[in-house]
Amino acid sequence: MNRRYELLAPCHFGLEAVLKKEIIDLGYEISQVEDGRVTFIGDAEAICRANVFLRTAERILLKVGSFTAISFEELFQGTKNIPWEDYIPQDGKFWVAKASSIKSKLFSPSDIQSVMKKAMVERMKSRYGVNWFAENGSAYPLRVFLYKDKVTIGMDTSGDSLHKRGYRTMTSRAPITETLAAALLMLTPWKKDRILVDPFCGSGTFPIEAAMMAANIAPGMNRSFLAEDWKNLIPRKCWYEAMDEADELVDREASADIQGYDIDGEIVRAARANAERAGVDHLIHFQQRPVSQLSHPKKYGFLITNPPYGERLEEKAALPAIYRELGERFAALDSWSAYVITSFEDAEKYIGRKADKNRKIYNGMLKTYFYQFSGPKPPRRN
């Protein structure tokens, strides 16, 4: 019988519901939803499929244990009590790659990492009957979360963050991550039969993620994952089967009207190259064009964009004009909807319209707002 695990999927704060739906759609049972994290139940196959198919998760962690610790002695003993020999082979390379602490007595990441490593070594020395580990085998990095003195430990199966799909080499300033772009697209009612335009497309993340959805291309198809080397836990055939499933689901006949504009010609060329690497360049029209020239004859389209935030002081003065222009061009589009993510708090004022919905989302450490301006629904087709 396949061994079942609790799997942790971190995500952007504010987008847990989007990831939860993705996991359910993939066929797995949710056990807990917390701020910035969704926990679900699955086997070795689930680890592979989650890494390959989930568009909005930052990584997939295999939960190895949780306990309460208010002292380093409790942290040591709690860590030592975990059956590490069930997860890490004798030649495995193991370390605490990241520790974070919120509202807990123990708060020094480096001390937490050091104490836990010592506890793991003590446990495995007794189980493997050795005094020293070469650590020249596969890598088993850990991520540890302390919240209100509860310690949760997850083994990282992904390696590089899942936002690294493998298509983006050059990015524009203040880029939006692939996982965040995918989540925001999923918050809109956009479907591939409706036109989609990003007038500040930068390196093309919104258009490319939309095109990958339109063609049903799994986000993890063109990259590798750290746990592919965990032959003691995940049979190789699970990875092959997940990739084969992803390949079979690609819609190679897909068509879509997706457009990306940017005022910077060099960035537009980079966006085209990114789309080509993602295998969706045939679905997107990129063009060097300022927002002042935004227009379209079609009705019921979608505008989704990540305009300048003015993070630098000298850029802030230009923001009112940029958002005013965006608002004027949007108002001239016939029956369109617009979705704008920005940290500029006066966005609605200069766009000239109050958003129908406004969602607070953390883009890294930056607090942003996802303004949603809903247009009328198109008439139902016979």
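I began with Glu135, which is partly exposed at a relative accessible area of 22%; for this term I took buried as under 20% relative accessible area, exposed as over 50% and partly exposed as in between, with a 1.4 Å probe and protein chains only. I noted that this is a predicted model, in which local features need pLDDT of at least 70 and side-chain atom pairs count only at pLDDT 80 or more, while totals for chains, interfaces and linings use all residues. Residues are numbered from 1 along each chain as its sequence is written, and side-chain values use heavy atoms, with hydrogens and water left out.

**Two loop residues with positive phi**

I placed Glu135 in the loop between α4 (109–128) and β6 (139–147), and I found its phi near 50°, a positive value in a residue other than glycine. Helices here are DSSP runs of H or I with at least four residues and strands are runs of E with at least two, numbered from the N terminus. I then looked up Asn216, in the loop between α6 (205–214) and α7 (236–249), where phi is near 55°, again positive in a residue other than glycine. Asn216 counts as partly exposed, at 37% relative accessibility.

**Overall form**

I counted 11 helices and 14 strands in the protein. The radius of gyration is 23 Å, close to the 21 Å that the globule rule gives for 382 residues, so the protein is as compact as a globular protein of that length; the radius is taken over C-alpha atoms, and the rule is 2.2 Å times the number of residues to the power 0.38. Along the principal axes, the C-alpha atoms fill a box of roughly 75 × 45 × 40 Å. Of the 382 residues, 53% count as buried. Among contacts with a separation of 6 or more, 77% come from residues 24 or more positions apart, a contact being heavy atoms within 4.5 Å.

**The nonpolar cores**

I took a nonpolar core as a set of buried Ala, Val, Leu, Ile, Met, Phe, Trp, Tyr and Cys residues joined through side-chain atoms within 4.5 Å. The largest one has 60 residues, of which Leu62, Leu75, Trp84, Ile88, Ile153, Met155 and Ile234 touch the most other members. Helix α2 (residues 44–53) supplies the largest share of this core, 7 residues. Apart from this core lies another, of 38 residues, among them Ile176, Leu185, Ile304 and Ile341.

**Helix α3 and Thr79**

In helix α3 (residues 72–80) I found Leu75, Phe76, Gly78 and Thr79 buried, and the buried residues of this helix pack against β4 (61–68), α4 and β7 (150–156). Thr79 has a relative accessible area of 0%. With neighbours within four places in sequence left aside, Thr79 is in contact with Phe67, Trp84, Met116, Ala119 and Met120.
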